[in-house]
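Good morning, and thank you for joining. Please have the structure open as I speak.

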Amino acid sequence: MEVTILLLALFVLSLFLGVELITKVPPTLHTPLMSGTNAVSGITLVGALLAAGSDTSPLLVNILGFVAVTLATLNVVGGYLVTNRMLSMFKRK
Amino acid sequence: MNPNLVNLVYLIAGVLFILGIKGLTKPKTAVRGNLLSAVGMMVAVIVTLMDSSVVNMTYIVAGVTVGTLIGALMALRIQMTSMPEMVALLNGFGGGASLCIALAEYYSRLGLNATSVADLATPMAVGSSAFGDGFQGTVTLISIALTVLIGALTLTGSAVAFTKLKEIMKNSYGLPGGPIGNGLLLAAALFAVGTVVMDPGNTSAMLMLIGLAFLLGIFLVIPIGGADMPVVIALLNSYSGIAAALAGFILGNTVLIIAGSLVGTSGLILTNIMCVAMNRSLGNVLFGKMAEGGETIDADEIYAGKVTSAQADEVALILETAKRVVIVPGYGMAMAQAQHAVRELANAMEARGTEVEYGIHPVAGRMPGHMNVLLAEAEVPYDKLVEMDKINPTFDDTDVAIVLGANDVVNPMARDVEGSPIYGMPILNVDYAKTVVVIKRSLSPGFAGLPNPLFAMDNTIMVYGDGKKAVIEMTTALNQA
């Protein structure tokens, strides 16, 4: 079996898990859910680091990597911080 | 570092993301969930930095510094009323990051060393296994092309959504032919995807794909505005996740796939919730006009001689004796920055023993959950924020419903008038309350462009004026009573 098939399996199972998880998030937290998932999608930083940090690649690739690192970091830092800021406002009496 | 160890750490990061989202299922555990998720991110980044192929730190340090500075500034300074704009931007950045990763991978595997823009269009001879062998190679190429397509359209689509939310762009434009124009654009983009997959050395096809995807993103969002924005933002949120998952297929990276698909489903589910709450299909939101069909309804006929208006202090007299009040906020509350004033009014009523709750329609505001965040900012306890299905049965026992800056979501035509353009859209049944107080600048229609018979009902009192000012006047009058 090829690795690609395993990745595909992981993808499909994660989609199902996502549906199960997200449907349980109450409407009152839907905005933090969106900014929080924005932060999670900043995981592309991992791919960006590989592109930006490679020494053997052409300059073009490093530059694309640099832009990707910047944008992904923005998502990670901005996303987690703003989500934390919002969530700490949700209080019970 | 041993690749097995790296992937084990990625698995841990993936689990932390899942636990993080699980934490978001309850307000009590949400802050901790967000922290867990952030720890997962840190772990994944650290283990990646230890990868032996990451040697040149110049671009990394520069990118992380710039990203951290801008991200932190945005996150700490943004006003809660502007959260939709912030999320729109973050969606776009996510799409842009995936786009750049896909392109970096494409050009690096081609070995294209471009020094000028013209070089980007040089046809390249592709080594037989540059993109991997057989099945795996095809999957890699499809993933690259689709990541470019979705990443690029998320980037430009989000940029347009941002300008719409900021009201820099006020009008809505469409391609000639509406959905047909977009369909042709999509078909052309998919053709470019096919060309890149069949002939990866055709660098012009890749440039074409990028350009078409940029255009597609613009024209997908540009006809949409106003109350339909929650759907667009949720959809772009989903795209940014799907692009990340596809980038995971390019790199064979497990944590990208897990995280990307979680984000993708999250956005899709929110999109669906928004569409259901408007009783419209996604296609109708993206390409349709809301007020199409149905006979034109004459506003004058509905309102003539039947609208009762009052001053804020007169309303306070009614609130004085009310046992139960439900406040229904809409985008107008955000516009007027009235959330703190609303909280003061609720305090004043609660001090007199009145029960106060908030009825939140799923599409109130400009993004899912917008009203809840604003009211949470004003320190309204979250258990007072009641969703539509739970608050609706209580309006019969409600003395006063205060509608602040909401219109279409309380329009009884959606419930009673078959053939009206919004018929079937679930609404908050505020008209079942003994008295309805509508705070609004004028009788002008909401986003759907329809008159609202609620304003002319016998039990409705209109209070004209700025929402914040009216609420403050009511509070003052109530406190003096």
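Predicted model: local features only at pLDDT ≥ 70, side-chain atom pairs only at ≥ 80, totals over all residues.

Let me begin with a term: two strands are said to pair if DSSP finds at least two bridges between them.

On one side, β5(B) pairs with strand β4 (residues 400–404) of chain B in the parallel sense, over 5 bridges. On the other pairing, 5 bridges join β5(B) to strand β6 (residues 460–464) of chain B, and these two strands also run parallel. Ile439(B) takes part in both: Leu404(B) has Ile439(B) as its bridge partner in β5(B), and Ile439(B) stands opposite Val463(B) in β6(B).

I turn now to the helices, starting with α1 of chain B, residues 3–23. At 1.5 Å a residue, its 21 residues should span 30 Å, and the end C-alpha atoms are 30 Å apart, which agrees. Its buried residues include Tyr10(B), Leu16(B), Phe17(B) and Ile21(B). What do the buried residues of α1(B) pack against? They pack against α1 (3–22) and α2 of chain A, together with α2 (27–49) and α9 (254–278) of chain B.

That brings us to helix α2 of chain A, residues 30–41. In α2(A), 12 of the 12 residues are buried, among them His30(A), Met34(A), Asn38(A) and Ser41(A). Within chain A, confidence is highest in α2(A), at a mean pLDDT of 96, and lowest in helix α3 (residues 44–53), at 92.

Finally, chain A as a whole. Its pLDDT averages 93, and 98% of the residues score at least 70. Chain A has 4 helices and 0 strands. Its radius of gyration is 17 Å, well over the 12 Å that the globule rule gives for 93 residues, so chain A is more spread out than a compact globule. Along the principal axes, its C-alpha trace spans about 60 × 35 × 10 Å. Of the contacts in chain A with a separation of 6 or more, 66% are between residues 24 or more positions apart.

Definitions and conventions. Residues numbered from 1 in each chain as written. Chains lettered and ligands numbered in written order. Expected span 1.5 Å × (residues − 1). Buried ≥ 20, exposed ≤ 12 C-beta atoms within 10 Å, placed from the backbone. Contact = placed C-beta atoms within 7 Å. pLDDT = per-residue confidence, 0-100. Rg over C-alpha atoms; globule rule 2.2 N^0.38 Å.
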